Amino acid sequence: MSQRSTHKRRGRDRANAGRSIPTFTHDAPQRVLGDYEAFVRKELEKAKLPALTLALGLADLGPTIIEADLKSERGPTLFGLATALHVALNAIPDGYPLVSTEQAPFKTSPNDGVRAALEAQGVEPDDFVKATGLNERQSALRRYVIWLLAENYIYQSSIVYRVANTLVLLGLKPFGGLGVEPSHTNRLFSNFVGVPAYDYMLTLVGLWSFALQNPALDTRTFLQDGPKRQELAPAFSSVLDELSLRFDEFRGLDVFPVAQEYTGKARACAFFSRWPLIRLNDHQFIVAAHPFLKIQVATKSITKALALAREDEGGGSTMYSRWMGGRLELFFGELCELWRPSGHFGEYEYLAKGSEKSPDRIIFEQHGSKNVACLFQLKLKMLSEATHFGAKDESIRKDLASAFSETIYKTVKFLVRAETAVANGQLREDNADLTRRILKCDRFCLVGIVPDMPSVFTFGDLRSMLLTEVKANLNASEREWFDRHFSSRCVWHIMDLHEFEFFLSIPARERELYKRLLAYFRDADVNGPFIRDEKLPTNFRTYLIRRYGRPAPATERHRIDSYVPELFSIFAGTIEDVSRYFALKPLPSTQVDAEST
């Protein structure tokens, strides 16, 4: 191939990398959820098909979701499958329990499940379908896009990194110079759940591993015979109680009233992200689909620990959350050591008088002739459920006004106040040189890091809303600096640990964060319209995989060739522990190979 044609191909690859998430194009007719439910009930009656048979057929499709944990090899997406399953459960007339007998055996029909799930692809949020005015439609579209981006991100995300991150942050595993410290988390789980935290995590991972290849679970055969069987039985029972609902409890909204605010396909996803196991009787369960168990392992364990601490201490801000926040900072410092050994700086007090602090982590880069300071702020913050599922504009604004905007405006305040301190001779002497070096940089890369968050700051509307909240928290002199310098000297982004770790997975010579973010923003057009060519912007992780991954011959999907070894070893050790205690087959390679997109 000629050099010129190679350049052309790479140019096309980059152009196609920036927008790759399809939006609202479905073969099925567009419907609101109520209309789809009426359609399913009518079809069930016409075909004389029991709703339970349809539900079991949909559950049978769970293990066929193999494409990025989002799409079945038979066609439907996870979201269409979940919506059809929730509607089918609502339509079952029988009472609990359901018992399979020789006279009335459980029957399944995956083919009917495929048809129902494909029809569900067209279900859209009520407010999006019914919006009329421009502002009303813009608001509905924003909420819908956030839900779509959030759902795509969390289900596609690497189980390897998420399990490792969770175990390190909970104090259950060491990382680099950060040791184990399980006592705080174990006390909470033992007091409120009745089992040690690691046993709880092993059970979650075991259930997820099982669900990858099995649509149904029988508690009488799940645990392996052996010395840990009795020890793990309480954890297994506790997790089942937490993550399951009786099939008849999915009817209506009594157990989950806030789901009234979630419409379209978001309602079913909200239900199954809380309760991925559907209890048919005392021993038998069906699995909504394995990705719903994956997020329990990868996302919700930290949320649970923080919720237990609030219950334990009776408040919003707890000693436990402060402990975990400190552990997050130490963990990120160890990750930066992998990136720039001995070339990164931690938080410090920079004023001669007072206790104001610098950003949490500082790294310097060179971009051409420009000196760049990468300034990180870390927060123990996640998207609220209402924002994730696109319920209300109010929840979005509340999230943006909290720690997310703080990750940016705290750094702006530091830059302005440090400049003033230099002018007035008020810098702290023992680190004055570091402060001056930061201020002399030509460009600033402001990055917020949170433990676990879908990558939603990928389109201009939401990014603009966040900057509005940033400015609202600045005083007059800080706003003046912002207006003069921010757009010309700063780039900014907010990402979670998982996305940052994918940055660490690319070749070492390419790990220049400022340069990578500039290229990502340009290619994905993050400040452009919501939708271009019926596609949404990709996230930073997907950009990195498409830019630095290799195409797999069979699928043309791009893959990053390797994980951060230190994180993979944590995951591998956990899977080894799980395999000793549960009756499981080896994990499919799609779940443990480096990530693709």
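Visitor: Which helices each supply at least two residues of the lining of the largest pocket?
Guide: They are α7 (134-156), α10 (197-211), α12 (229-243), α13 (266-274), α14 (290-313), α15 (319-339) and α16 (385-388). Helices are DSSP runs of H or I with at least four residues, and strands are runs of E with at least two, numbered from the N terminus. The model is predicted: local features need pLDDT of at least 70, side-chain atom pairs count only at pLDDT 80 or more, and totals for chains, interfaces and linings use all residues. Residues are numbered from 1 along each chain as its sequence is written, and side-chain values use heavy atoms, without hydrogens and water.

Visitor: Which helix gives the largest share of that lining?
Guide: α14 does, with 12 residues. The lining has 38 residues, and K300, T303, K304, M382 and L383 lie nearest the centre of the pocket. A pocket here is an open set of points on a 1 Å grid over the protein atoms alone, where a 1.4 Å probe fits, with protein on both sides within 12 Å along at least five of seven lines; lining residues have an atom within 4 Å of a point.

Visitor: Changing topic, what is the strand order in the open sheet?
Guide: The order of its 4 strands is β4-β7-β6-β5, with mixed pairing. β4 (216-218) and β5 (244-246) are at the edges with a single partner strand each, so one side of each has no neighbour in the sheet. Two strands pair if DSSP finds at least two bridges between them.

Visitor: In which sense do β5 and β6 pair?
Guide: β5 pairs with β6 (residues 277-279) in the parallel sense, over 3 bridges. R279 in β6 is the bridge partner of R246.
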